[in-house]
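The following note collects points for a colleague who is reviewing the model. Please read each point beside the coordinates.

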Amino acid sequence: MNRLSRAKRSPASGLWKDGLRNAKMQRNLFLLLALTPAFGGYLLFTLYPNMLSVYYSLLNWNGISEPEFVGLSNFVTLFQDKYVWRALLNNLFYMATVPIAVISISLLLGYLLANKGYKGTSFFKVLFFFPNVLSTIVIALLWTFIYDGSFGLLNDFLRLLGVPIGNFYWLGEARTALAAIVPPYVWGGVGLYVIIFMNAMTTIPKSLYESAILEGARHMTILFRITIPLIMPIVRISALFLILGTLKGFEKQLILTNGGPAGATDVVGLYIFNLAFGTENHNYGYASAVGMLLFVILVTAKLLMDKYMPDRSVEY
């Protein structure tokens, strides 16, 4: 008993406890120093502005004059604003086309590069990823030249095929401008998801493919029956990012058409931008109210995806 008491009161035991206490303090200090900049930046540049938007949506304010509290008046105006709903329909069009096109093309290219054994696979990976290195402004300007009616590449290509296209301005016609913005989205997004899907496909055992080939399965059957089910969690996350990105994105529309012609390519994000920072309007209050609508739509889209696209992983 005395020996045990002396062991508990020994200097070595006290040093061990002090060292453990110092280690915990150092770990807590490291976590504090590592997380504070990121968390502080999130609070300052994301959470705080979003909370201010909720307050601004209750004001009539142009950013300079004295703000006037108007309550829910901005939201009443919002539900009566036909331009908001036209822009939302355009968002839904991009949401229904861009993710499907990007994921379909990326899955096909990723499967071919990962499983067909082409020479120069590394070169093709760099080639497909190249548009992701470019900024949104550069991509939009490139496609502006492609769609130009006088010297655009698209019209020249159609003339080579014998199509009498003339000097047709793809971004200047309401019947073509909306769909013409889809290819820049797809071209700028495919490369990233090709790399993501290729990396996911490399984790699938080759024995599964060999067994399927021995049983006479074709490549399209292998793609849809083996590859896609096994990487479905990755596909689901990619679809989530693409859908939310097309709902809130507006940079390409801003540069290519600025919502024209006659609002044919306007989207909610661009409508908010023009309301707050446009040459004719500076209505921060109403723009914040439209932003609250967009926030609700984004959250609803996320919840619907979680419900109807469950994260089902297939084991092998």
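Which backbone oxygen lies 2.9 Å from a polar atom of the side chain of Thr246? The model is a predicted one, and the points below begin with that residue.

1. The backbone oxygen in question belongs to Ile243. Thr246 itself has its place in helix α12, which spans residues 232-248.

2. Surroundings of Thr246. When neighbours within four places in sequence are set aside, Thr246 is in contact with Asn91, Tyr94, Met95, Val98 and Pro99.

3. Asn74. This residue is found in helix α3, residues 73-79. Its relative accessibility is 9%, so Asn74 counts as buried by the cut-off of under 20%. The side chain of Asn74 reaches the backbone oxygen of Leu59 at 2.8 Å. Apart from neighbours within four places in sequence, the contacts of Asn74 are Tyr56, Ser57, Leu58, Leu59, Gly285, Tyr286 and Ala289.

4. Aromatic pairs. The structure holds 17 aromatic pairs. One of them joins Phe123 and Phe124 in an edge-to-face arrangement, with 5.7 Å from centre to centre and 65° between the planes. The angle is over 60°, and the pair is therefore classed as edge-to-face.

5. Accessibility of that pair. Is Phe123 buried or exposed? Phe123 counts as exposed at 54% relative accessibility, because that value is over 50%. Phe124 has a relative accessible area of 30% and is partly exposed.

6. Aromatic cluster. Ring pairs also link a set of residues into a cluster, namely Tyr55, Tyr56, Trp61, Phe250, Phe273, Phe277 and Tyr284. Tyr56, a member of this cluster, is among the contacts of Asn74 as well.

7. A charge over a ring. Lys252 lies over the face of Tyr185, at 4.8 Å from the ring centre.

8. The largest pocket. The volume of the largest pocket is about 700 Å³. Which elements give two or more residues to its lining? They are α2 (11-56), α14 (268-277) and α15 (284-308). The lining of the largest pocket comprises 23 residues, and those nearest its centre are Asn50, Ser53, Ile272, Gly291 and Met292.

Definitions and conventions
Residues are numbered from 1 along each chain as its sequence is written. This is a predicted model: local features need pLDDT of at least 70, side-chain atom pairs count only at pLDDT 80 or more; totals for chains, interfaces and linings use all residues. Side-chain values use heavy atoms; hydrogens and water are left out. Helices (H or I, at least four residues) and strands (E, at least two) are DSSP runs, numbered from the N terminus. A polar contact is a pair of N or O atoms within 3.5 Å; within protein, one must be able to donate a hydrogen and the other to accept it, and residues adjacent in sequence count only if both atoms are side-chain atoms. Contact means heavy atoms within 4.5 Å. Rings of Phe, Tyr and Trp (its six-membered ring) pair if their centres lie within 6.5 Å; planes under 30 degrees apart count as stacked, over 60 as edge-to-face and the rest as tilted. Buried means under 20% relative accessible area, exposed over 50%, partly exposed in between (1.4 Å probe, protein chains only). A charge sits over a ring if NZ of Lys or CZ of Arg is within 6 Å of the ring centre and within 35 degrees of the ring normal. On a 1 Å grid over the protein atoms alone, a cavity is a set of points where a 1.4 Å probe fits but cannot get out, and a pocket is an open set with protein on both sides within 12 Å along at least five of seven lines; lining residues have an atom within 4 Å of a point. Grid points are joined across faces, edges and corners, and a volume is the space filled by probe spheres set on the points.
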